[in-house]
Each structure stands twice: as structure tokens, then as C-alpha cells.
Amino acid sequence: MNAQLLGDSGHEFRYIATDTRRISFPADTIFFALITARRNGHQFVADAYEQGVRLFVVSETPDAPIADATYLIVGNTLQALQQLAAWHRSRLQCEVVGITGSNGKTIVKEWLFELLAQEEQIVRSPKSFNSQIGVPLSVWMLQRNTTLGIIEAGISQPGEMQALQKIIQPTIGLFTMLGDAHNTGFHSMQQKLEEKFLLFENCAALIVRTDDEAIKKMAQTFKGKLLNWSRHEDAWLRVSNATEQGASTTVELQQGDTVFSITLPFIDRASLENAMHCVAFMLHRGYDIVTIQARMQQLQHLDMRLQWNKAINDCYILNDSYSNDFTSLIQAIEYLHHQSRNNKRTIILSDLSVATGETKQQYKQLAALLTEKHIDRLIGIGPGMKKYMAELPASSIETLLFDNTNELLQEFAAIRFSHEDILLKGGRNFELERVARLLEAQQHQTVLEIHLSAIAHNLQYYRSFIQPSVKLMVMVKAFGYGSGDAEIARAMQFNGVEYLAVAYVDEGITLRKAGVHMPVMVLNTDPASFNALEQYNLEPEVYSFDFLQTLLQWCRHKGISNMPIHVKVDTGMHRLGFDTAEIPDLAQLLSSQQELVVKSAFTHLVASEDAGEDDFTRQQVSAFSEACTTLQQTLGYSFLRHAANTAAISRHAHAHFDMVRLGVGLYGGLAGQLPVMKLKTTVAQVKRVKAGETVGYGRSGLLHRDSIIATVRIGYADGYPRNLSNGIGHMYLHGRQVPVVGKVCMDMTMLDVTEIPQVKVGDIVEVFGDHIGIQQVAGWSQTITYEIMTGISQRVKRVYIDG
Ligand SMILES: *Cc1c(COP(=O)(O)O)cnc(C)c1O
């Protein structure tokens, strides 16, 4: 890498990291500080060091080199990374397939892996590591015992492929197809095609479809062995006929003198084309036709490929929120057209990614396509959609247009979906999987329904206790008390709540990534995540001098000033916080620095719900009030003061100060609130069991009569407490409460439904909700609602219901 060495030589490494969030074996890792449009990796060197990395490739000489770290100083860290990978590749003898093309790269790669893994030691690039950074990282994974490397190369502008070719040094080329994805960087299709073919410069063989004239011409310039397939007679592999039957297609083929046919479990054009590349590859690798035939039949649509999922209200959804270029859109619409269940057809579509200058044209084409394929409804998301699709020529298409995905989600409840085939398609940045989640809410599993209108109602209820000038902070810690953090946060943002609070930095990051931009307080920040605090604009609680000093030093080191903090005062909880006696010193310290600025001071009440402790609560409140006065006098500026949790909002108006912190009450965890969470499961099996038999583990569930037993799909791993075994817990179905019989298992629970002979498999069972309150379940389990709510495991699907 022509690097200048600073520090010890003789370090060994096996792993390369360019992102400190993805370091698994720090002692064996070399960290490349890459400079990209979005960030400068040099800012993360300290973070990597803290994780245990000691070897760094940098382009900026460190001002204060860390004593036991070794730096390799180079002119350009990305180039160095690429050089290293190319050197690694040149030492290996294995066959390497270099795949490029506009669409289908990842699918062909994954399919080749599935088809050949029995015989080959394959290393393939992870998901879509196909860029200037991803390719060297992929190539680095090739090992001495690898027999076949399958590496994807993606480019977005001229000049990039040459660099990738040098790193991959493919022995076999595979060109999937030329579409118009990422056209923006190129003057013309021809230029793009020529650039892509640079990957194949030194390949011994090339697999390519040559039905297109431009591609055929390009392929003829290839110097190695051309393994082209097409309908033309002169092709290496000739496709003479294709017949569709049900969900499969049988293709008649000829290679040399051999005529044969292969049945593929697909009918859509893109899958057939991708599969044909694989057939050609297997033939080239010497596989016999019987093996090829057998294995091709096993191929499946990959997850990211098109498939129907059952959705709400008898809808079906095709989730293709993976890319949104025009070519793949056409394919998806074709698929919808072919595979439709004769329902109403709806397309939910984000802005197209189109070449500059062709925008209007493409949207016009889209409109024509929608009409031609008899699409009934378009739900468009994004400014482009709004601009160009507002006046669709065909009035037969119902059109709903939104500026962004959040706007659609907010309106979601008002849009009626029923008996529809829905195609969901859009760029990744639109996060359409959030829409898919709402649509796919299924009935045949255990779900936790979150009723957003009940949340709004509860919010209103608690607001009614506070003066209009008092602000509201909502606690969304612990995954929003189990009900979902981002969803709740977005609802709060929508409802004009002023502040959010989370327990840990990671929880705050989740909110930011979900597009939540309100201020977020973090109760418990680990100094290791200070960088993230700053990066995601989160505001820490400061609770001790130790913590405060660490934070101050970090700010000074980073040159940060005016970072918002929240001072925690301990008035009796004795968990975190400054003692009231420490406040004068704290005030002195805070007033003599510029790095931190106090946004608020707060305390936590320990028994605000308990009338028997009201004296203590008053004591806490007055101690806090005094502390705030001291702090404010010394600081010379004002800040928000807050003390009240849910119970204090309704019981202690004197504790409201400038802001209150609403938690459990919002989520319906206190008696008198509308239930927000409804946990539902389904019956998996119904059995008739004789008196004298036992049900479940340990034989504790002894039956005293001939019984009907229903097994339901929920257990302690889902958060249904095991101490509800043997008749303690009850669930509700067919208008009755029925007891748990035997022990609650990990994934299942048995109910005694002898009184309900009509019970059948698939019946919906309420674990808690309208008929059995969550308070009731907590009572049976001898705990508090908080624990039941937050204990519902992440594998239980959350479904958000509005209205
Ligand atoms: C959790 C929490 C709350 C909310 O308490 P609820 O009883 O759920 O209203 C308020 N303040 C702090 C500091 C908390 O940790």
C-alpha cells in the first residue's frame, strides 16, 4: 500500500473493518479510515481503539498518536483498501465469477450458491456488497480453500468498473441484463454497456444473453470463450421454445448437438432469465443435464423477489420494496398482471429513480403502463409522484398521492383496503416495509394489537390535568413499554408532544432512524456511546460528578459546546442522581464551562400513586423545588423543571412544574384507561382427553373429568408468565373465560375448553384486552402491569390499529 509506518510493525490481522459498528474481533482487525461523502472515518479511530483495534490505515497523520496503536499512513485510504484486496486476490488460484448487469445480480449470485454449494467451497459477496468499498471487503473473504468465488460488481459512474476489475480479477464473467437502473451517471446506454463489459476484460469465459442487438455486438468483441444464450441459432446455448404451465415454465434448449428441456418453477420473465444464466453456468462447469434439471426445479423466489403474502381484509400483497427503477417496475407490474387473483389491483409506489432529463417521459410511460395493465388504484409516495401523477390521463385509475411514507402511514387507517392485490414497490429510502408491516398483519399467529386511537385518548386524558403551558414528555423507553418505540414516537410527534425519553442510547438511535426529530432525553448513557449521542442529537441525563467529568472531557476533546443535558436530582429514589447537598457544587461547576447547557432539571417520585405516602411525595417535591432554585440562581439562566410521572399527573398538581413525564398511563396500564394493548393468539389443536390423564409437563395438569383441551400459540417465551400455570391464568374465547390447564410451556399453553364444545382450530383467543384486563393478568401473576407489558417478547408481532 506504499504506507508510511507509525508505531510497531509485526501486527497481524485477519479482518478488515471500515465501520466501527461492525467490528467483531477487534484484536485481529485492521481499521481503514475511509472518507466518504457522508463521513470521515478518521473521526471513528478513537471508537475503534476503544473497542480494542490497534491497527489503523489513515490518510491524516494523527495529532496525538496513541502509544500502543500502529498507523499505516497512505495518500488515499480507499485506494489502499482496494490495493490490499487486489493483492490478496492475486495470491489465490480459485475460479471467480464476476457478475454485473443492471438487475438480477444478487439473485443470480444467491441461486448459483444454492445450485453449486454441494460440490464447491463457495465464497459469495454478502448481500449487496458490490460497490467500491463492498467489493474489496468481499474479495478479502476469499480463502485458500475457496474453489469458487461469486462476486457482484455494481457501478454508478464511468471509471468505477476498471477499479473493480482489478480487485475481482474474475475468471468467468456473467452479465445479467441491461436495464435502466442507475442511469444517471452515464451519457448513454452504450456508454454504460461498455463500462460494464470492462469487468470481463481478462475473463476466460463469458455468460451473456444475446437477444438484444447492442449486447450481441458488445459480446462479439469478447476475446475469451463466449457462452451466450439466446433464441438465435448461432448461440452457444439456444432457447428454442418456452411453454408455461401453471406456475412453471418448460424451456426447450440445445447446446451443441444435445437437445433437452428444463422445467423452471417460475413464469415471470426476470426469474426465467436469471435461471437461464444459472443453467449456462452449470453446463459450463460440466454438470450433467439430469442434475441440472433436478436442481433447477428446487429454485425458489428469494425473499426479496416477488411473492404474494396474505394481508388484511382478504388482500394479498406483493412486496418488492427493493428497487424502483423502471425496468424492475415493469417486471413487477407484469407479474401482478399475470399472477393476479382477479381482485382489485392497487399499486403502492414511491418515486421512480430516473435519469435526469427523462423524468417527465418516464412518468408518462408509467401512466400508460398502469392503464394498459388495468391497475385500479395508484398510491404514490414522493414529490415526483405528486408532481407528475396528479393528472393521470385515465380517469379509471383512482389516485392517492403523498409527500412521504410518514404521511401515508398517518393516513393509513382512513384508506380502505379490501379484496385487493397490492403491489408494493419503491426505493429503499422510502422504507415501504413499514407499510408492508401494516398490510401483512396476519390472523393466524400471536399478535399484540396496539390501538393508536386509545393511545390518543389516554394522551388527551392526561393532558386534561395539566395547564396548557405545561409541557409533556412521553416515556418511550423499553420499546415503548412493549408497544413499539418508533410507532409510538411518531404518533406522539403527530400529537404535538414536546419531548421523548428513552432509557438507552440505542433506543434513541432507533427513533432517529425512524425519522423522529423531536428532542429525546436519554436516562442512562454509557460513555462508550457519547459519539452516538452527538451523531444522533440525543440529550443525556447527567446524574453524577463522575459522569459529568467524563462527558465534559469528551466534549472538550471533540471541541463541542452547548451540548444539552438534563440534571437528575435524587430526592428519595436513591437510584441515579445528585444528592440535594451536592447541588451548590454542581451549580458552580456547570456555570464555569461552555461545553454543556442545562436544558432541564428533574427528579423522580417514588410513590406518587400511594395516598399513604403523600407526605413523602410533598417532601420530595419541595426538596426538588429548592434544588432548582439554587441551580438557577448560580447558572443565571432558566431551564425546564419536571418531576411528575403518570400517577403524579392525575394526583399531584403541585408536582407538575414546567413539564410532566407520562409513561404507563399512556399505554393503558392503569385502571380506568382505555386498553391500548390487546394480546391475541389462536388455537393450534383441539383434543378430547379422558379423566385421569394429565396435560403438559410434569403431569401437574390432572383432569378430573373427560375434557376438551385447546392448545394455543403462546408460551412463556412470548412473555406469558409461567406462574399462570395450573388454573391461575385464564384466557377468553367464545364469550367465556377458560383456565390454563397444566404448565405454561415455552411456546404453547393448554386451555380447558370443556364448556365450549364448538371450539375449533384457528379460533382467536384473547390473552388480555377487552374482556380480560392487563391489570387482571398482572394480578394473577403477582406483578405489575409494567412487567407484563414490557415482557411481551419481540417475536410477537405488533399490529397497529387506528380507529
Ligand atoms: C419510567 C419513568 C417515568 C414514567 O413512569 P410511569 O409510572 O410509567 O408514568 C417517569 N420518569 C422517569 C425518570 C422514568 O424512568
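Residues are numbered from 1 along each chain as its sequence is written. In this predicted model, local features need pLDDT of at least 70, side-chain atom pairs count only at pLDDT 80 or more, totals for chains, interfaces and linings use all residues, and side-chain values use heavy atoms, with hydrogens and water left out.

**Stop 1: helix H22**

Select residues 614-635. This is helix H22, with 22 residues. Helices (H or I, at least four residues) and strands (E, at least two) are DSSP runs, numbered from the N terminus. How far apart are the end C-alpha atoms of H22? They are 31 Å apart, which agrees with the 32 Å that H22 should span at 1.5 Å a residue. The expected span is 1.5 Å times one less than the number of residues.

Now colour Asp614, Thr617, Gln620, Val621, Phe624, Ala627, Cys628, Leu631 and Leu635. These residues of H22 are buried. Buried means under 20% relative accessible area, exposed over 50%, partly exposed in between (1.4 Å probe, protein chains only). Look down the axis of H22. The buried residues fall within an arc of 145°, so they line one face of the helix. The arc is taken from the directions from the helix axis to the C-beta atoms.

Turn to the other side of H22. Asp615, Gln619, Glu626 and Gln633 are exposed there.

Next, show what covers the buried residues of H22. The cover includes strands S26 (563-570), S28 (596-602) and S29 (640-642), and helices H21 (583-591) and H23 (646-651). Contact here means heavy atoms within 4.5 Å.

Step just past H22 to Gly636. Gly636 takes a positive phi of about 80°.

**Stop 2: aromatic pairs**

The whole structure has 19 aromatic pairs. Rings of Phe, Tyr and Trp (its six-membered ring) pair if their centres lie within 6.5 Å; planes under 30 degrees apart count as stacked, over 60 as edge-to-face and the rest as tilted.

Select Tyr462 and Phe465. Their pair is tilted, with 6.3 Å centre to centre and 35° between the planes. Tyr462 is buried at 3% relative accessible area. Phe465 is partly exposed at 32%.

Go on to Phe624 and Phe657. Their ring centres are 5.1 Å apart and their planes are at 90°, so the pair is edge-to-face. Phe624 is in H22, and Phe657 is in the loop between H23 and strand S30 (659-662), 33 residues apart. Phe624 is buried at 0% relative accessible area. Phe657 is buried at 17%.

Finish with Phe530, Tyr543, Phe547 and Trp554. Ring pairs link these four residues into a cluster.
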